[in-house]
Amino acid sequence: MKVRTRFAPSPTGYLHVGGARTALFCWLFARRHGGVFILRIEDTDRERSTQASVDAILDGMQWLALDYDEGPFYQSQRFDHYGAYVERLIDEGSAYHCYCTPQELEAMRTEQRARGVKPRYDGRCRARTGAPPAGIDPVVRFKNPVDGSVVIDDLIKGRIVISNDELDDLIIARPDGTPTYNFTVVVDDLEMDITHVIRGDDHVNNTPRQINIFNALGATPPKYAHVPMILGPDGQRLSKRHGAVGVMQFREDGYLPDALINYLVRLGWSHGDQEIFSRRELCELFDLSEVNRAASVFDTDKLNWLNQHYIKSTDTAMLAGLLEEQLTKRGVDVADGPDLGVLADVQRERAKTLVEMAEKSLFAFGDLNGYAEKAARKHLKPAAADGLRAVRERLAEIAAWRTEAIHEAVVETAEAVGIKLGKLAQPLRVAVTGSDMSPSIDATLLLVGRDRTLARIDAAITYIEAHGDPS
RNA sequence: GUCCCCAUCGUCUAGCCUGGCCUAGGACACCACCCUUUCAAGGUGGCGACACGGGUUCGAAUCCCGUUGGGGACGCCA
């Protein structure tokens, strides 16, 4: 049978990394087996579902290049399907109307908690006879089996057995007739011929209920694979307070989609000692049997390392385009500066993110925004003035503004003036970039350009003369 | 509280199923050194873990039981 997987987020917020990893595993599993990957939007809760969230999810999927073969299907547009199944279960005696009020149920639960037992519906409406109470719109409850137990042969966790007396009669339709999650999932997984349900392991407790519904419908449940959770550094479930968790936030923060994908896939899955995987490799190698059973902690350091790896191996034109986005976002006029390809190539080894790359490249555009205080104090001293004058003169004579010529000019000036290269390069670096950290001095000058370089050296000499207190 | 799941370096993990090849391997981070005009990148080396207690066995990270710890679920949310 052809593999069919689905990713079924509820649109109540952005696509977070946990969801993204689940989607990735679903996608990979489908690709690996030449199957079909379906996107289904679980928006039966109209109170909380928003179009903005749907868009955010779609954007996230697109950015990560997790393309789906079918969908997106919206549950809110499939209410008639669910209604028919509800009717059928009622007719067959597998579901019943319940007239208990929310207050009543709440009281029941508090009482049960107080007794130290698991809060669950006691089935008081199961055998209700006589006329229905007036003025109450009933919910519909599924008649969960009373005896026996449900076995889940989870593809990741192994065999899980849950006794039916741990379960209760869950609500499958609200008073207004709208269906609830555990029911729509079953109907959709059934109607969409899903063969493998791959989802977060916060759903394992729902699985036996869903299997029971499948059984009541006379259908065979799909195979289940419950992926462990992603935790924050404090061991708690990953959430907003841990920082960036929305997929699109990672884009904002300068991460490459391939880097995030690679990071996420290794979080819980491994293939021997291999760390770097191309999408192609993943599609060939991914297997649920290699997915870890334990939860894992999200580690930004490792993501950063991977991101830099991908930055280093992205082709120049692509990287230049990405850098341009970042620069433009920062209000930089990219026309007023060096070739972005050249820039990207010198910066790719010194930035973990595109954001960092852009920030470290600002010196090559527009005017200098002052000097970093410590750097100026250390390097823009009277002792450096002669070197700067000499190198300015030598630089001004260069015919073609190229790395080699610049390099030569700097090295020769240092020799001529009789100082070590560093004694010249550092003041020059501060003069030209405002900071004592930048790419190699020849590359830096190349990026800054001849006119700016000369003007900035002049400015630095003026600065030294004004502040030159030889203490 | 009840039920379910989980447990190897700080973190991600290999090894576990099919005990011996494990004085437990790799990666990130960290530290040191090398390279070096700064910052990086790169190279070399180092630090660092089988949660604990029983059992089975000639032999256990690997199998079994318990303890502890962590996570999840217990909605007319999904």
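Predicted model: local features only at pLDDT ≥ 70, side-chain atom pairs only at ≥ 80, totals over all residues.
A word on bookkeeping: residues are numbered from 1 along each chain as its sequence is written, and chains are lettered from A and ligands numbered from 1 in the order in which they are written. Local features need pLDDT of at least 70 and side-chain atom pairs count only at pLDDT 80 or more, while totals for chains, interfaces and linings use all residues; side-chain values use heavy atoms, with hydrogens and water left out.

Let's start with RNA strand B. It has 62 residues around it, and Gly116, Arg174, Gln236, Gly268 and Glu349 come nearest (near means that a heavy atom of the residue lies within 4 Å). By class, the surface near RNA strand B has 24 charged, 20 polar and 18 nonpolar residues (Ala, Val, Leu, Ile, Met, Phe, Trp, Tyr, Cys and Pro count as nonpolar, Asp, Glu, Lys and Arg as charged, and the others, Gly among them, as polar). Helix 4 (102–114), strand 12 (296–297), helix 10 (300–313) and helix 17 (421–433) each give at least two residues to that surface; helices (H or I, at least four residues) and strands (E, at least two) are DSSP runs numbered from the N terminus.

Zoom in on some atom pairs. A polar backbone atom of Arg266 sits 3.0 Å from a sugar or linking oxygen of RNA strand B. For the phosphate oxygens, look at the side chains: an N or O atom of Asn292 is 3.3 Å from one, and a polar atom of Lys352 is 3.5 Å from one.

Arg266 also takes us into helix 8 (residues 257–266), where eight of the 10 residues are buried (under 20% relative accessible area, with exposed over 50% and partly exposed in between, using a 1.4 Å probe and protein chains only). Arg266 is among the buried ones, along with Tyr263 and Leu264. The cover includes helix 1 (17–32), helix 2 (51–63), helix 7 (247–252), helix 9 (279–285), strand 12 and helix 10. Just after helix 8 comes Gly268, with a positive phi of about 105°.

Helix 6 (residues 207–216) is mostly covered too, with eight of its 10 residues buried. Among them is Arg209, whose side chain makes a polar contact of 3.0 Å with that of Asp168 (a pair of N or O atoms within 3.5 Å; within protein, one must be able to donate a hydrogen and the other to accept it, and residues adjacent in sequence count only if both atoms are side-chain atoms). Asp168 lies in the loop between strand 7 (158–163) and strand 8 (171–173), and is itself buried at 14% relative accessible area. Leaving aside neighbours within four places in sequence, Asp168 is in contact (heavy atoms within 4.5 Å) with Arg120, Tyr121, Asn144 and Arg209.

Finally, back to helix 17. Helix 15 (residues 382–396) packs against helix 17 at about 80°, with axes 9 Å apart, so the two are roughly perpendicular (65 to 115 degrees; under 35 is roughly parallel, over 145 roughly antiparallel and the rest oblique). Axes here are lines fitted to C-alpha atoms, for helices over the stretch in contact, and angles run from 0 to 180 degrees between N-to-C directions. Ala384, Gly387, Leu388 and Val391 of helix 15 meet Leu424, Pro427 and Leu428 of helix 17, a contact of six nonpolar residues, one polar and no charged.
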